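Here is my note on the structure you asked me to look over.

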Amino acid sequence: MEQVEKNILIAKRVPPGDRFALVDEPETIHNSLTETLEAYFQKTQTKCEFRLAPLKGELYMITTEEVAPPPPPPAKKFNIYGDY
């Protein structure tokens with residue numbers, strides 16, 4: 001099984017300063033990144049890793065999913081050898 005990382009947007013920065021609003025609750029503005037993380041945790045009760053994209057002003061939750069690798073292609077069969 002292969003681990004695939006997935007980033008889910010949970011909050012966006014609200015200027016000025018280091019204020020954020022959760023994507024699900026845009027009307028509630030949190031005054032710091034720590035308050036935003038705490039609000040998200042209280043809402044979802046999910047322990048996870050986070051990623052901050054400061055140039056875009058976005059906060060992401062990082063999840064991992066196990067994905068099965070694709071099956072190998074079937075072996076080629078050639079009629080000239082009598083495989084069919």
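The points below go from the overall fold to single residues.

1. Basis of the note. This is a predicted model, in which local features need pLDDT of at least 70 and side-chain atom pairs count only at pLDDT 80 or more, while totals for chains, interfaces and linings use all residues. Residues are numbered from 1 along each chain as its sequence is written, and side-chain values use heavy atoms, with hydrogens and water left out.

2. Secondary structure. The protein contains 1 helix and 5 strands, and their order along the sequence is β-β-β-α-β-β. These elements are DSSP runs numbered from the N terminus, with helices being H or I runs of at least four residues and strands being E runs of at least two.

3. Overall dimensions. The radius of gyration of the protein is 23 Å, whereas a compact globule of 84 residues would have one near 12 Å; the radius is taken over C-alpha atoms, and the globule rule is 2.2 Å times the number of residues to the power 0.38. Along the principal axes, the C-alpha atoms fill a box of roughly 75 × 25 × 20 Å.

4. Surface and burial. Of the 84 residues, 19% count as buried, where buried means under 20% relative accessible area, exposed means over 50%, and partly exposed lies in between (1.4 Å probe, protein chains only). The accessible surface comes to about 6,600 Å², and 56% of that belongs to carbon and sulfur atoms; the areas come from the Shrake-Rupley method with a 1.4 Å probe.

5. Contacts along the chain. Among contacts in the protein with a separation of 6 or more, 42% are made by residues 24 or more positions apart, a contact being heavy atoms within 4.5 Å.

6. Nonpolar core. Which residues make up the largest nonpolar core? The set has 7 residues, namely I10, A11, F20, L22, Y40, L59 and M61, and the elements that give two or more residues to this core are β1, β2 and β5 (58-67). A core here is a set of buried Ala, Val, Leu, Ile, Met, Phe, Trp, Tyr and Cys residues joined through side-chain atoms within 4.5 Å. Leaving aside neighbours within four places in sequence, Y40 is in contact with I10, L22, Q45, F50 and M61.

7. The helix and T36. T36 is found in helix α1, and T36 is buried, with a relative accessible area of 0%. Apart from neighbours within four places in sequence, the contacts of T36 are A11, F20, L22, H30 and L59.

8. Strand β5 and I62. I62 lies in strand β5 and is buried, at a relative accessible area of 15%. With neighbours within four places in sequence left aside, I62 is in contact with E5, K6, N7, C48, E49, F50 and R51. Between I62 and E25, which are 37 residues apart in sequence, the C-alpha to C-alpha distance is 20 Å.

9. Two backbone features to inspect. Most residues other than glycine have a negative phi, and most peptide bonds are trans. The peptide bond from P15 to P16 is cis, with omega near 0 degrees, and P16 is placed in the loop between β1 (2-14) and β2 (19-22). Q45 has a positive phi, near 55 degrees; Q45 lies in the loop between α1 (33-44) and β4 (49-53) and counts as exposed at 53% relative accessibility.

10. N31 is found in the loop between β3 (25-30) and α1, where N31 is exposed, with a relative accessible area of 52%. Not counting residues up to four places away in sequence, N31 touches D18 and R19.

11. The segment after β5. P74 lies in this segment and is exposed, with a relative accessible area of 73%; P74 and E5 are 69 residues apart in sequence and 29 Å apart in space, C-alpha to C-alpha. F78 is in the segment after β5 as well and counts as partly exposed, at 43% relative accessibility. F78 and Y40 are 38 residues apart in sequence and 59 Å apart in space, C-alpha to C-alpha.
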